[in-house]
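Please look through the sequence and the structure shown below, and keep both in view while reading. The report begins with aromatic rings, goes on to helix contacts and ends with the chain as a whole.

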Amino acid sequence: MNKVKFIDVITNDFMSKNKTIRINGSTVDVKTNIDAENYTSIIRTIAENCFVDNQYHPAYFEIVRRYVILDYFTNIDVENISLNEVFKTSQNGNWFDKIEKIVTSLPIWSRIESATNAYIDYKIKSQKTSFDNLCDSFNSLAEENSKIDVGVINELNDRLKNIGEVKVASEISSSRTDN
């Protein structure tokens with residue numbers, strides 16, 4: 001198969017051009033494409049800002065999404081504006097809706113949302129559970145205290161892996177009340 005040059009395939013008519021709209025007397029340029037660095041940055045920005053103290057907060061998705069649309073896809077300077085202020089202001093009138101309609105209709109936008117959702121799912125699924133933390137505590141205890149038989153701890157750890165977290169918590173709680 002013969003290779004063709006990328007530049008020969010892409011013509012000036014084919015290249016995406018920014019869209020210009022007027023909002024309250026200001027000219028706003030809305031980008032219709034982004035580079036790879038901004039693509040990954042958008043995904044990271046939305047996904048990572050949905051977590052506070054390793055807890056997922058879905059409400060932040062929309063708050064950060066609005067900020068990202070303005071910051072990465074327009075010439076509107078939001079650098080020194082808080083997420084809260086952008087969120088509140090973007091609900092006033094229909095100025096944001098005009099920008100959002102253009103950005104969310106871009107082919108890349110659905111890919112951004114899919115990748116962001118995948119990133120969030122990964123972060124949620126890769127977080128340690130309280131059971132994981134309990135097993136880590138047993139392992140740490142065994143490593144710190146050489147008098148404890150590591151084999152016993154490993155056996156206990158293996159047994160704990162085969163029963164549910166609720167049952168482990170229940171057994172520990174009942175043994176405390178039996179004493």
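## Aromatic pairs

The count of aromatic pairs comes to three, where rings of Phe, Tyr and Trp (its six-membered ring) are taken to pair if their centres lie within 6.5 Å, with planes under 30 degrees apart called stacked, over 60 edge-to-face and the rest tilted. One of them joins Phe51 and Tyr56, whose ring centres are 5.4 Å apart and whose planes stand at 45 degrees, so this pair is tilted. Phe51 is buried, with a relative accessible area of 10%, whereas Tyr56, at 30% relative accessibility, is partly exposed; here buried means under 20% relative accessible area, exposed over 50%, and partly exposed in between (1.4 Å probe, protein chains only).

Another aromatic pair, Phe73 and Trp109, is edge-to-face, with 5.9 Å from centre to centre and 75 degrees between the planes. This pair links distant parts of the chain, since Phe73 belongs to helix α3 (residues 59-73) and Trp109 to helix α6 (residues 107-125), 36 residues apart. Helices (H or I, at least four residues) and strands (E, at least two) are DSSP runs, numbered from the N terminus. Phe73 counts as buried at 0% relative accessibility, and Trp109 counts as buried at 3%.

## A charge over a ring

Which ring has the charged end of Lys123 over it? That ring belongs to Phe51, and the charged end sits 4.7 Å from its centre; the rule asks for NZ of Lys or CZ of Arg within 6 Å of the ring centre and within 35 degrees of the ring normal.

## Helix α3 and its partners

The axes of α3 and α6 come within 13 Å and cross at roughly 135 degrees, where axes are lines fitted to C-alpha atoms, for helices over the stretch in contact, and angles run from 0 to 180 degrees between N-to-C directions. The two helices α3 and α6 are therefore oblique to each other, because angles under 35 degrees count as roughly parallel, over 145 as roughly antiparallel, 65 to 115 as roughly perpendicular and the rest as oblique. On the α3 side the contact is made by Phe61, Arg65, Ile69 and Phe73, and on the α6 side its residues include Trp109, Ile112 and Glu113; contact means heavy atoms within 4.5 Å.

Helix α3 also meets helix α5 (residues 95-104), with axes that come within 11 Å and cross at roughly 80 degrees. That angle makes α3 roughly perpendicular to α5. Among the residues that make this contact are Glu62, Arg65 and Ile69 of α3, together with Trp95, Phe96 and Glu100 of α5. Glu100 counts as buried, at 16% relative accessibility, and, leaving aside its neighbours within four places in sequence, Glu100 is in contact with Glu62, Arg65 and Ile69.

## The chain as a whole

There are nine helices and four strands in the chain, and along the sequence they follow the pattern α-β-β-α-β-β-α-α-α-α-α-α-α. Of the 179 residues, 26% count as buried. Among contacts between residues at least 6 apart in sequence, 60% join residues at least 24 apart.

## How to read the values

This is a predicted model, in which local features need pLDDT of at least 70 and side-chain atom pairs count only at pLDDT 80 or more, while totals for chains, interfaces and linings use all residues. Residues are numbered from 1 along each chain as its sequence is written, and side-chain values use heavy atoms, with hydrogens and water left out.
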